[in-house]
Amino acid sequence: MNPDPALVELTDLWYRLPGLVGDAWPELRPRLLAAVEEVATAPPEEYERRARALLGLLRGHAEVRRRLAPALIGRTIPTDRSADSGAGTGGRPALELARRAGIVLPGDENPAGRWLTAEAESAEAEHPGSWSLAFAVAEAPGRAAAAAPLGDLGGPVTLTVEVASTDAQVDVRTDTLTVPRQGPSPDRAHFLVTPARSGPVQVLALFRRDGNLVQWMTVNLGEQGVRARTQGLTRTAATEVRERGLTIQVLRGLTGHQLVVSGFGQACRAALTLKDRDLDDIARQVREPLRALADACARTSDTSPWPGPSLAEDVFERHTRLLAEAGCRMFRRLFFDGDAQLEAVGRQIERYLAADAPRSVQFITEEPLLPWHLMCPVEHLRDADVRHILGLRHEVDCVPLVPNATRAVTEVAIDTGPGVNVTLGLNRSIDRGGERDLVAKQEAYWRGYVEKGLVGLTVQDEHRSVLETLCGYGSPAEIVYLYCHATAHDPDDDGPEHARLTVEGTDGGILLRSLHDSGGALPGPPVIVLNACGTTFASSLSTLSFLTHFLARSRGVLGTEADIPAPFAAAWATAFFDRLLAGERIGAAVRATREHFVTEHRNPLGLLYALYCNGDTVLRPAIGPLPERPVSAPVPAS
């Protein structure tokens with residue numbers, strides 16, 4: 001399908017259209033499908049007429065029109081789709097098309113009257129072959145290559161801008177942008193982009209407020225002009241996110257990875273000399289103690305009745321020491337590799353994260369690279385202790401940028417006013433024909449909320465129905481929760497595409513390759529909780545995994561780094577959902593659940609769970625009270 005913003009948004013709305021359109025849907029659907037096909041195949045000279053005809057079909061449906069409008073405001077028609085666009089322009093603003101079609105009315109346009117814009121022009125005179133790329137705040141999008149609505153941020157606010165490219169050398173001229181309370185910005189964030197080879201150049205620009213990623217743009221520069229795609233938080237969401245005390249970005253540059261660390265009043269850029277194979281090795285080594293711990297817990301998981309999650313003191317001490325040391329080695333390989341600048345930053349990070357109160361830490365990467373929450377930020381092995389492991393002590397979220405995502409999440413709050421729709425995928429063979437009741441209790445947990453009228457529940461326990469849901473053909477849901485078997489990577493196969501989810505029996509299942517070939521955006525979009533073995537396992541050597549697949553199609557993913565014993569997985573999920581449904585931010589709920597099992601049961605296996613989602617994501621309003629818990633003691637030392 002053509003990647004124009006209106007069609008992308010219409011695709012995301014498709015499964016809600018019957019409810020939004022009402023009785024007119026059976027008559028409208030075939031006309032709409034035909035019009036979409038017409039637009040997707042339109043030659044440049046026919047594009048505008050066909051697009052206006054498509055949008056005109058929806059003009060009379062107020063709710064559909066309201067949802068489509070933000071996808072068009074501030075966007076441009078790609079240059080190869082606009083008949084009158086020439087080289088050096090970004091194409092006709094899509095807003096013009098939307099106005100003509102009656103989809104965008106005056107009341108839909110940005111009430112703040114300000115836009116975050118990107119402009120690029122040739123710097124041939126002073127720097128032959130280079131581009132001058134600038135970002136600013138304007139009162140109108142004008143002819144900018146890209147523009148995103150920007151409302152009142154409670155300013156004045158300073159946005160920090162980071163730009164990276166694997167196609168060009170990027171030289172920073174100015175990397176901050178002042179957003180006044182009113183009017184345009186008095187300055188611009190300015191970068192010089194020098195292509196390293198012939199052909200188009202793709203540039204990634206990130207905008208952070210108080211360390212929190214609020215907007216990003218993918219800008220393409222070439223002979224056909226300038227194109228850009230904007231993703232990020234809405235005006236409301238950008239004011240809701242909390243300040244991040246520490247932000248660590250790992251971006252791909254022309255000569256390798258660039259590490260950008262901001263926090264404790266300063267920012268630092270440095271080249272990360274580690275290659276993808278080195279990063280993969282770090283990830284495998286830091287996961288190994290978790291695998292050993294999971295194996296130790298699995299020895300009691302098959303007993304009936306299950307003795308519970310608590311570990312003997314000697315088992316706890318041995319495994320937490322190994323976890324802390326592996327996390328320390330990860331920290332040392334990243335920051336203490338002989339680069340004086342990186343070492344200085346590493347020591348500042350260690351001091352900052354030594355605080356007793358939980359800090360908020362965000363990692364921003366272009367793809368999942370490392371299990372950051374397992375890092376133990378201490379310089380010396382002698383100081384490594386379970387109390388310093390990042391995911392136990394602090395709130396950690398990882399936001400991988402997904403430039404080809406079929407759904408851009410723009411809000412951190414999930415509206416639960418109408419209730420919460422949950423799709424529950426279960427493998428009933430986990431209960432072994434009634435020998436245990438793990439699956440039965442998971443289902444009963446959610447049916448309890450159904451009985452209170454708080455949750456709309458869809459239960460699926462067959463491969464076909466779960467496959468349809470995961471391919472985006474199911475009903476809209478705010479939460480998709482799978483409690484099943486999984487094989488993250490079969491060593492006998494030739495690639496990660498042979499990974500599978502199993503919801504019937506213990507063999508076969510839904511191949512990742514099948515999902516990748518036929519899957520689209522999941523309507524909602526949901527938070528996906530994959531409570532099965534190794535579902536967030538990813539490697540810097542591969543672009544395909546369950547994690548990368550679902551990140552491009554959902555609000556975020558919570559899963560596991562390695563195999564997990566089924567009884568512990570069930571207990572952990574109940575404790576986590578208690579907190580999430582009670583209105584805790586998802587990042588806080590994950591950290592608190594890990595801490596609960598450490599302090600109450602001397603079991604750190606909750607570190608298997610990794611969060612790839614904005615940590616401020618929250619259900620609003622809450623649909624359940626937070627259960628009373630004993631006051632947690634401090635995390636015991638290893």
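Student: Which hand does the crossing of α12 and α16 have?
Tutor: The crossing of α12 and α16 is left-handed. That term applies if the near helix is turned anticlockwise from the far one by less than a right angle; clockwise makes it right-handed.

Student: Before we go on, what kind of model is this?
Tutor: This is a predicted model, where local features need pLDDT of at least 70, side-chain atom pairs count only at pLDDT 80 or more, and totals for chains, interfaces and linings use all residues. Residues are numbered from 1 along each chain as its sequence is written, and side-chain values use heavy atoms, with hydrogens and water left out.

Student: Back to the pair. At what angle do α12 and α16 pack?
Tutor: Helix α12 (residues 438-451) and α16 pack at about 10 degrees, and their axes are 10 Å apart. Axes are lines fitted to C-alpha atoms, for helices over the stretch in contact, and angles run from 0 to 180 degrees between N-to-C directions. Helices here are DSSP runs of H or I with at least four residues, strands are runs of E with at least two, and both are numbered from the N terminus.

Student: What do we call that orientation of α12 and α16?
Tutor: α12 and α16 are therefore roughly parallel. The cut-offs: under 35 degrees is roughly parallel, over 145 roughly antiparallel, 65 to 115 roughly perpendicular, and the rest oblique.

Student: Which residues make the contact?
Tutor: On α12, L438, Q442, Y445, W446 and Y449. On α16, A566, P567, A570, A573, T574, F577, D578 and L581. Contact means heavy atoms within 4.5 Å.

Student: And how do α16 and α17 cross?
Tutor: The axes of α16 and helix α17 (residues 586-601) come within 9 Å and cross at roughly 135 degrees. These two helices are therefore oblique to each other. α16 passes α17 in a right-handed crossing. Residues in the contact include F568, W572 and F576 of α16, and V590, R594 and F597 of α17.

Student: New topic: the largest nonpolar core. Which residues touch the most other members?
Tutor: That core has 122 residues, and L334, F335, W446, Y483, F576 and F577 touch the most other members. A nonpolar core is a set of buried Ala, Val, Leu, Ile, Met, Phe, Trp, Tyr and Cys residues joined through side-chain atoms within 4.5 Å. Helix α16 (residues 566-581) gives the most to this core, with 11 residues.

Student: What does Y483 touch?
Tutor: Not counting residues up to four places away in sequence, its contacts include L426, I430, L438, Q442, N531, A566 and A570. A second, separate core has 28 residues, including W131, F135, V157 and L177.

Student: Where is L530?
Tutor: L530 is in strand β23 (residues 527-531). L530 is buried, at 1% relative accessibility. Buried means under 20% relative accessible area, exposed over 50%, and partly exposed in between, with a 1.4 Å probe and protein chains only. L530 and L482 are 48 residues apart in sequence, yet 5.1 Å apart C-alpha to C-alpha.

Student: R287: buried or exposed?
Tutor: Buried, with a relative accessible area of 2%. R287 lies in helix α8 (residues 276-301). Leaving aside neighbours within four places in sequence, R287 is in contact with P371, F537, A538 and E561.

Student: How many disulfides are there?
Tutor: Zero, from a search of the whole structure. A disulfide is a pair of cysteine sulfur atoms within 2.5 Å.

Student: Last one: how many helices and strands does the protein chain have?
Tutor: The chain has 17 helices and 26 strands. Buried residues make up 57% of its 638 residues.
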